[in-house]
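Trainee: Please show me how to read a few features of this structure, one at a time.

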Amino acid sequence: MQLPSSEEIVDDLAFFDDWEQRYQYIIDLGKQIPGLSEEAKTPDKIVKGCQSSVWLDYKTEDGKFLFEVDSDAVIVQGLLVLVLSAYNNRTAKEILDFDIDAYFTELDLERHITPTRGNGLRAIVGKIRQLASAV
Amino acid sequence: MSFDVEAVRAQFPVLKREIDGKPLVYLDNAATTQKPQVVIDTLIEYYTQYNSNVHRGAHRLADEATRGYENARTDVAKFINAAHREEVIWTSGTTEAINLVSNGVGQLFKAGDEIIVTELEHHANLVTWQQACKQSGATLKICSIFDTGELDIAAFDALLNENTRLVALPHVSNALGTVNPIKDITIKAKAKGAWVLIDGAQGIAHGNVDVQSIGCDFYVFSGHKLFGPTGVGVLWGRKELLETWPVWQTGGEMIAEVDYQSATWGTLPNRLEAGTPNIAGVIGLGAAVKWLSGLDMQGLHAHEQDLLAYATKRAKEIEGMRVIGTAPNKVGVMSFELKGAHPADVGFILDKQGVAIRTGDNCAQPLMKRLGLPGTARASFSIYNTRQDVDKLFDALKKAKMMLA
């Protein structure tokens, strides 16, 4: 699927003036992505959080990372779309250069990316950066 | 004396906070309770007036700190009706208290011994005993529950035998709110010669706990779930058992005499409290139990029961909402699921409306698996909550349901 770019997301979210619209937008993003098939959700791909779980699969093509993600919670799934908008179809260097904390702060969603085992989002960011570092 | 919720509420400064412009509705009390002004003032007074190390200084501040610290022990002993004040051992919390019990009795376990815990267990009262069994060759037995969240007493009876060395169970389930029949279980377990440990983390804040009346050997709890500071907790244990235990941590405070090659141990409670303790935390916890003891405990309990009953009744209004844990004897906790919505999503949307709940596995992963759930959303009530808080929870839930549909 075609993910919105991080610039588009920043613009879209800035357009809404209340939290309900912002969260509805994130929920809708979460519902749009297909997620992983049940067979693809193997234990090596899971990042367990104590609130929700996240799965991450990837491949590389022409030096660029292509990710697939899934979560059992739809808001987390939507937030994963935001993460992927920054990282998907990028080179290792582009991934490592991207300031995800600043991006989430700009979106006023920084509480979701704080270091916690809660929703697995931070762990996914860590895993993506680790994959990029290993290149 | 009657229970005046507004007067109690007014003593908790954090409850005046707003979250994104909406008044805070704090319903995560099973995770930690808020602190009354008197506890906060006690901590400030300690650090501004008499901060000092205990039991050793030859000066006024040390005297005052020591007195505050030891008075707190007396106050907590009274609060749980311990027979001796030195039966109250300070720990960092429930988890450390359980580990301390494991250090004391776990070393006496041997192959063939059996330990009984329940399917309701918080990880703290499960993993510790898994480890003790692995180290000793003892066997861990799990007492089953019914789908309501009640213990299956027939199953317990079937597990209990002469090989049972320890029965460890929660007073109140943190995930479901079930109040367990700890007295009956203790009587049965003692009749077989087993030790009984009650995990009181969730039980302590909801009414009178009388350790002598329960008849158990150990009762453990955390200060922070009892309106006290974080980082302090209690192991209450029978003196005659604690006196025979091997030492726990070694170092200062817990010794009698020390040579370069050897040392002898002090007496209770010091022998189980090595090093400089959490003095401020202990004094703060003392202030919390004194404050709580001044309230109408029966009225307080009735108020909490009213909140739970009211919330449980209102849950029926929302289509697709299911309360998890329907034991007739419950306190403080309403776990639930909203059909088609993940608990984490419910939690996010409630938070945006100022309503604080817990979501997830409730630190009880085996119990969630047993119930076939990825986790629950959990609203938990305390003495300062009101029916209005419950109403706000349900307004927020209706919105969550609409947005996630």
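Trainee: Is B:Cys143 buried or exposed, and what is its relative accessible area?

Mentor: Buried means under 20% relative accessible area, exposed over 50%, and partly exposed in between, with a 1.4 Å probe and protein chains only. B:Cys143 has a relative accessible area of 1%, so it is buried. B:Cys363, at 19%, is buried too. This is a predicted model, in which local features need pLDDT of at least 70 and side-chain atom pairs count only at pLDDT 80 or more, while totals for chains, interfaces and linings use all residues. Residues are numbered from 1 along each chain as its sequence is written, chains are lettered from A and ligands numbered from 1 in the order in which they are written, and side-chain values use heavy atoms, with hydrogens and water left out.

Trainee: How many disulfides are there over all chains?

Mentor: A disulfide is a pair of cysteine sulfur atoms within 2.5 Å. By this rule the count over all chains is 0. For B:Cys143, the closest cysteine sulfur is that of B:Cys133, 15 Å away, which is too far for a bond.

Trainee: Which residues lie on each side of β5(B)?

Mentor: In a regular strand the side chains alternate between the two faces of the sheet. Strands (E, at least two residues) and helices (H or I, at least four) are DSSP runs, numbered from the N terminus. On one side of β5(B) are B:Glu114, B:Ile116 and B:Thr118, on the other B:Ile115 and B:Val117, and all are buried.

Trainee: In what sense does β5(B) pair with β6(B), parallel or antiparallel?

Mentor: Strands of a sheet pair through backbone hydrogen bonds, either parallel or antiparallel. Two strands count as paired if DSSP finds at least two bridges between them. β5(B) and β6 (residues 139-143) of chain B are parallel, over 5 bridges.

Trainee: What is the order of the open sheet of 4 strands in chain B?

Mentor: The order is β13-β14-β17-β16, with antiparallel pairing. Its edge strands, β13 (321-324) and β16 (358-360) of chain B, each pair on one side only. β16(B) pairs with β17 (residues 376-380) of chain B over 3 bridges, and B:Arg358 has B:Arg378 in β17(B) as its bridge partner.
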